Amino acid sequence: MVTFLLRRLLQSVFVLVGITLFVSFTIRLSGDPAVAMFQGSSAPTEEQLALIRERLGTDRPFVEQYLDFVVGALRGDLGTSFRTGGPVAAAVAARFPATVGLALAALGISLTLAIPLGVWAARRRGSQVDLTIRVVTLFGLSFPNFWLGIMLILIFGVQLRWLPPSGYEGPISFVLPSLTLGLILASSTTRLVRSALLDVLGEQYVVTARAKGVREKVVVYRHALRTALIPVVTFVGLQIGGLIGGVVIIEQVFAWPGLGSLALNAISFRDYPMLQGTITVLALFIASINLLVDLSYAALDPRIRYA
Amino acid sequence: MRRALRDPSFTIGALIVLTVVGAALFAPAIAPHDATAATLRSRLAVPFSAGHPLGADAIGRDILSRIIFGARISLTVGLASVAVAVVMGTLVGLVAGYFGGVIDAVLMRSADIQLSFPFILLAITVIAVVGPGLWKVILVMALTQWVQYARIVRGQTLSLREKEYVQAARGLGATHARIMFRHILLNALTPITVLATLGIANNILLEAGLTFLGLGVDPTIPSWGGMLADGRNYIERAWWVATFPGLAITVTVLGFNLLGDWLRDRLDPRMRT
């Protein structure tokens, strides 16, 4: 177990280094931020540029800048925003709860829907219920999330006026964006729960339990579902990255004050430290969730722990 | 073929895909209006009004015509990105699986990193630097997705290279290239075809999302994602501007998903649900 933990931790560190290296390097490729800062105003003199480069630290070699960034990040310092002059870490920390809250609410909605629906479809395989669930989830897989969001705004925000159409006006504002992401994620998860449970229901220990006269409810929920949830947990872990990607888009639809809009604004203002900080924090969040998922997976299935 | 026609997944999927391909190919002939011409007189014209069956947008451009032309962008991105990714992934996967060693190790590590880095963050970073554009979007998708094809081909190659018929071919003096392409690749095509079909659906969604964010194709070209971004701004006054392009995306993606599902059931009976 200890070896597994260490190996898995090392892998996370490796992935994070890869991602931050890639992001820092790519951003440096985009040209001189000192020149970018003068965009739209009169042409700067060479001295002005040199001064700014020195202040931003962009006159030093890439490796040095990257190591600086890593050392700073480890101490919770993500650099200074080109645009506001304030610390990036503070801006990111202020937006972080809105983004993570949205992602977790969406995840909660999708699991609440997907597990009962998947079980229902699997228990009545081939029935009308099963067919309906399969067709509806196939539609769910084909919806662009931002379009579903716009349609929900149109119906519940504009026509019925039940819910705030956009922005953040207290917890009620979570309903539409998290429902948008949750419904779409629920489609793929329902399909997975269904096929995982179907696989397990054919196993010998389930047949044995039935033969012993164990009640059907106990067989399905206590014996079969527990094993069937292992691939579901893995799948959910793999979906976290995609879910965060969805949040970035959905934040634009709902004018949501989160990290996605922070990153997109940073692009339009060429605020590279802000972009780098935002993406690093999102990547760190995703990597941590994946780590947690892998550990819980190992806890659920002894075969992994001792492999 | 007759059996295929009786399967609703196949018939509906194929019908949708053929319609969209037809619309893209013959767009200039079937579109009722110039998709980029702004007519002030028909600003936000409601659906079914004179000459605009699906209405018009904020500067009076015909929505039906823009949807028809938009099919070109969605299909180009979907097909081209998957094609590039499949070719790259297949080559790397074949070589890695066949020869093993360092190439194999590097491939599997880069696969780990790519799997843990969400596409949208990568796309944001890259597009922030190189700027938006049709071919840039296609390349970003291909460069982030070839790994999934490489992994499948690698897995197939690992098991196939030990098969007796491959040993026999080697004994008869076949070159490495001939064994890889002729004897192994042809047998690995099944899972790639399924994955690629579903990949087209996925990439049509991704492109629409990127363009919606302003990180995809040029906003002056009619595209479904761009139309949705416009429509979002007029949601309080004109529901049709955002509704119809979204429907076009959903139906097209559904078509590819249906075909992909059908192919998977057909080609791989173990995965049949």
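This is a guided tour of a predicted two-chain model, stop by stop.

In this predicted model, local features require pLDDT of at least 70 and side-chain atom pairs count only at pLDDT 80 or more, whereas totals for chains, interfaces and linings use all residues. Residues are numbered from 1 along each chain as its sequence is written, chains are lettered from A and ligands numbered from 1 in the order in which they are written, and side-chain values use heavy atoms, with hydrogens and water left out.

**Stop 1: confidence in chain A**

The average for chain A is 84, and 93% of the residues score at least 70. Select helix α5 (residues 88-123) of chain A, where confidence is highest at 92, and then helix α13 (residues 302-305), where it is lowest at a mean of 61. Where pLDDT is low, the predicted coordinates should not be read in detail. Helices (H or I, at least four residues) and strands (E, at least two) are DSSP runs, numbered from the N terminus.

**Stop 2: chain B as a whole**

Select chain B, which has eleven helices and zero strands. Its C-alpha trace spans about 75 × 50 × 30 Å along the principal axes. Of its 273 residues, 54% count as buried; buried means under 20% relative accessible area, exposed over 50%, and partly exposed in between (1.4 Å probe, protein chains only). Among contacts (heavy atoms within 4.5 Å) in chain B with a separation of 6 or more, 71% are between residues 24 or more positions apart.

**Stop 3: a buried serine**

Next, select S74(B), in helix α4 (residues 63-99) of chain B. Is S74(B) buried or exposed? S74(B) has a relative accessible area of 1% and is therefore buried. Show I204(B), E207(B) and W224(B) as well: S74(B) touches these residues, when those up to four places away in sequence are not counted.

**Stop 4: the interface**

Display both chains. The contact takes 45 residues from chain A and 37 residues from chain B. About 3,700 Å² is buried between the two chains, with carbon and sulfur atoms giving 79%; buried area is the accessible area (1.4 Å probe) that two parts lose on being put together, summed over both. Select S142(A), F146(A) and W147(A), which supply 15% of the area that chain A buries against chain B, more than any other three residues.

Then select R191(A) and D261(B), which form a salt bridge with their closest N and O atoms 3.3 Å apart. The count between the chains is one salt bridge, defined as a side-chain nitrogen of Lys or Arg within 4 Å of a carboxyl oxygen of Asp or Glu.

On the side of chain A that touches chain B, α1(A) provides the largest share, ten residues. The residues of this side divide into 31 nonpolar, ten polar and four charged. Here Ala, Val, Leu, Ile, Met, Phe, Trp, Tyr, Cys and Pro count as nonpolar, Asp, Glu, Lys and Arg as charged, and the others, Gly among them, as polar.

**Stop 5: two positive phi angles**

Most residues other than glycine have a negative phi. Select R161(A), in the loop between α7 and α8 of chain A: this residue is not a glycine, yet its phi is positive, about 55°. R161(A) counts as exposed because its relative accessibility is 61%.

Finish at A255(A), in the loop between α10 and α11 of chain A. Its phi is also positive, near 50°, and A255(A) is partly exposed, with a relative accessible area of 47%.

Notes
pLDDT is the predictor's confidence in each residue, from 0 to 100.
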